[in-house]
Amino acid sequence: MHKSRFVLLFFLISVALSSFGIDMSTLTSIESLNCLRTNYSTNFLAMRAYRSYGAVDPNAKAMISLARKAGIDFVDVYMFPCPTKDPETQVDEMLAEIAG
């Protein structure tokens, strides 16, 4: 009996602390981001910033800016690394693109 109460309590705490987020790989309008935030409680966005063929995603910097302007609380990036390109170079290129 006590174990099932613990599991239920853990589940309720997990739901209460959870975030709803999206994974983006294309340029999206600020209106769409506002809609996601307002109507679907989206508070996290992960944007692709590096493509698997060895190039930065040209939309990443703009999407980071738009997500912040739309009021999305947590904005992050991810990369698909290229298997034939130096890993350090890939990270450097990605960071230079989104920071510059």
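1. The loop between helix H2 (30-40) and S2 contains Ser41. In this predicted model, Ser41 has a phi near 55 degrees, a positive value in a residue other than glycine. Ser41 is exposed, because its relative accessible area is 53% and the cut-off for exposed is over 50%.

2. Another positive phi belongs to Gly71, which follows H3. The value for Gly71 is near 85 degrees.

3. On the overall fold: the protein chain has four helices and four strands, and their order along the sequence is α-β-α-β-β-α-β-α. Among contacts in the protein chain with a separation of 6 or more, 60% join residues 24 or more positions apart. Of its 100 residues, 25% count as buried. The accessible surface of the protein chain is about 6700 Å², and carbon and sulfur atoms hold 63% of that area.

4. On confidence: the mean pLDDT of the protein chain is 86, with 81% of its residues at 70 or more. Helix H1 (residues 2-17) has the lowest confidence, with a mean of 56, while strand S3 (residues 55-56) has the highest, at 96. Where pLDDT is low, the predicted coordinates should not be read in detail.

5. The largest nonpolar core has 14 residues. Which of them touch the most other members? They are Met24, Leu33, Leu45, Met47 and Met63. Two or more residues of this core come from each of strand S1 (20-24), strand S2 (42-51) and helix H3 (60-69). As a general point, nonpolar side chains in soluble globular proteins tend to be buried together.

6. Leu33, one of those core residues, touches Ile22, Leu45, Met63, Leu66, Ala67, Ala70 and Ile72, leaving aside residues up to four places away in sequence.

7. Ile30 is in helix H2. With residues up to four places away in sequence left out, Ile30 touches Leu66, Lys69 and Ala70. The C-alpha atoms of Ile30 and Arg68 are 9.6 Å apart in space, and the two residues are 38 apart in sequence.

8. Helix H3 has the buried residues Ala60, Met63, Ile64, Leu66 and Ala67. These lie on the same side of H3, because they cover an arc of only 170 degrees around the axis. The cover over the buried residues of H3 includes S1, H2, S2, strand S4 (74-79) and helix H4 (87-99). Arg68 and Lys69 are exposed, on the face of H3 turned away from its buried side.

9. A polar atom of the Arg48 side chain lies 2.9 Å from the backbone oxygen of Ser25. Not counting residues up to four places away in sequence, Arg48 touches Met24, Ser25, Asp57, Ala60, Tyr78 and Phe80. Of these, Met24 is among the core residues named above, and Ala60 is one of the buried residues of H3.

Terms used
Residues are numbered from 1 along each chain as its sequence is written. This is a predicted model: local features need pLDDT of at least 70, side-chain atom pairs count only at pLDDT 80 or more; totals for chains, interfaces and linings use all residues. Side-chain values use heavy atoms; hydrogens and water are left out. Buried means under 20% relative accessible area, exposed over 50%, partly exposed in between (1.4 Å probe, protein chains only). Contact means heavy atoms within 4.5 Å. Accessible areas come from the Shrake-Rupley method with a 1.4 Å probe; for residues, only the protein chains shown count as cover. A nonpolar core is a set of buried Ala, Val, Leu, Ile, Met, Phe, Trp, Tyr and Cys residues joined through side-chain atoms within 4.5 Å. pLDDT is the predictor's confidence in each residue, from 0 to 100. A polar contact is a pair of N or O atoms within 3.5 Å; within protein, one must be able to donate a hydrogen and the other to accept it, and residues adjacent in sequence count only if both atoms are side-chain atoms. The arc is that of the directions from the helix axis to the C-beta atoms.
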